[in-house]
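Take a look at the protein below. We will walk from its strands to its core and then to a pocket.

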Amino acid sequence: MTSRPTMADVARHAGVSLKTVSRVVNQEPHVSAPVQQRVQAAISALGFRRNEAASRLARRATMLTLGLIMENISNEFYSRLAKAVEAAAAEHEALVVFGSYEERPERERMLVESMYARGVDSLIIVPSAADHGWIGEHGGLTAVFVDRVPPGLEQADVVLLDDVRGGRIATEHLLARGHRRIGLISDDEAFSSVHDRACGYRAALREAGVPVDESLVVREVFDPWRAGQEVTRLLSLADPPTAFFATNNRAAIGILQALRERPERPAYVGFDDFALADVFNPGVTVVRYDVTRLGRSAVDLLLDRSDTPRRVEVPVELVARGSGELPPP
């Protein structure tokens, strides 16, 4: 594994002193435009990335600490995200502190303000569905939002999944197997991610000439048990769905729980991969994405300050394992 380029490497490449590189990197005055251009060209050529932690120490600031605020770290998606953020932060010699708010907006705000009061002013947040305009009251706070667009903040750095495409490809996959009555098991559509996955589901049905039957749409399901109850209810209808699209891993697990004691074999596709998804018979077909890329992108945006709001979209893919390939009865 090659070592990361240092400012000394940049100085040698540009033919300038180490102090000059430091001035350019830290945006200090008294460096001519031609020299700045040479240094920036060397930075680009070598792929140099500023060590934010070392920079803070040089300014006699404290060790860089990042905050990560999520819904619930016990959920596999959030624990994997936390691991990805911690690994990316370690490359900058930064620490990460965690907090879970369990979909309670008042606790989310308490966590943000408590971390900020303790000097943790760089935060990665998976936002709740509540208005986030209050974050603007903290002028020294830098935040990057992951997985969801924060309501009430028009100017924000966000790292999102391609949720619309995820909902579309999951539904198209089921349609291609002959399914026309496809149930949707979803979370709160006030979350941008859930809303966009549902939009992809509806768009795929419309484009296939299949009417969207809202009686097959379940909203605001937050735990597997509730999802299982709703699946059981839908399968008991006079004209039940023959397939399901679950907009998160909890809903997919709820489908699995509901089907344990039932004779029906509906097809289903989940959004989010999860442990043991390929162990079941059939394996669970899922919309998958690179969680490491999600976490790394958030850390990179957080440490690469900008006055312009930025949006990073992480691609998704469908992984067929059997459950999404079952035909209609």
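Two strands pair if DSSP finds at least two bridges between them. Strands are DSSP runs of E, at least two residues long, and helices are runs of H or I, at least four long, both numbered from the N terminus. This is a predicted model, where local features need pLDDT of at least 70, side-chain atom pairs count only at pLDDT 80 or more, and totals for chains, interfaces and linings use all residues. Residues are numbered from 1 along each chain as its sequence is written, and side-chain values use heavy atoms, with hydrogens and water left out.

Start at strand β10 (residues 285-289). Four of its five residues are buried (under 20% relative accessible area, with exposed over 50% and partly exposed in between; 1.4 Å probe, protein chains only). β10 pairs with strand β9 (residues 267-271) in the parallel sense, over three bridges. Here V269 stands opposite T285. β10 also joins strand β12 (residues 316-319) by four bridges, running antiparallel. There V287 faces L318.

Now find the core. A nonpolar core is a set of buried Ala, Val, Leu, Ile, Met, Phe, Trp, Tyr and Cys residues joined through side-chain atoms within 4.5 Å. The largest one has 48 residues, and L66, I124 and L294 touch the most other members. Helix α5 (residues 76-90) gives the most to this core: eight residues. Apart from it lies another core, of 22 residues, including F274 and V286.

What lines the second largest pocket? Its lining divides into seven nonpolar, five polar and four charged residues (Ala, Val, Leu, Ile, Met, Phe, Trp, Tyr, Cys and Pro count as nonpolar, Asp, Glu, Lys and Arg as charged, and the others, Gly among them, as polar). Strand β4 (residues 142-146) provides the largest share, three residues.
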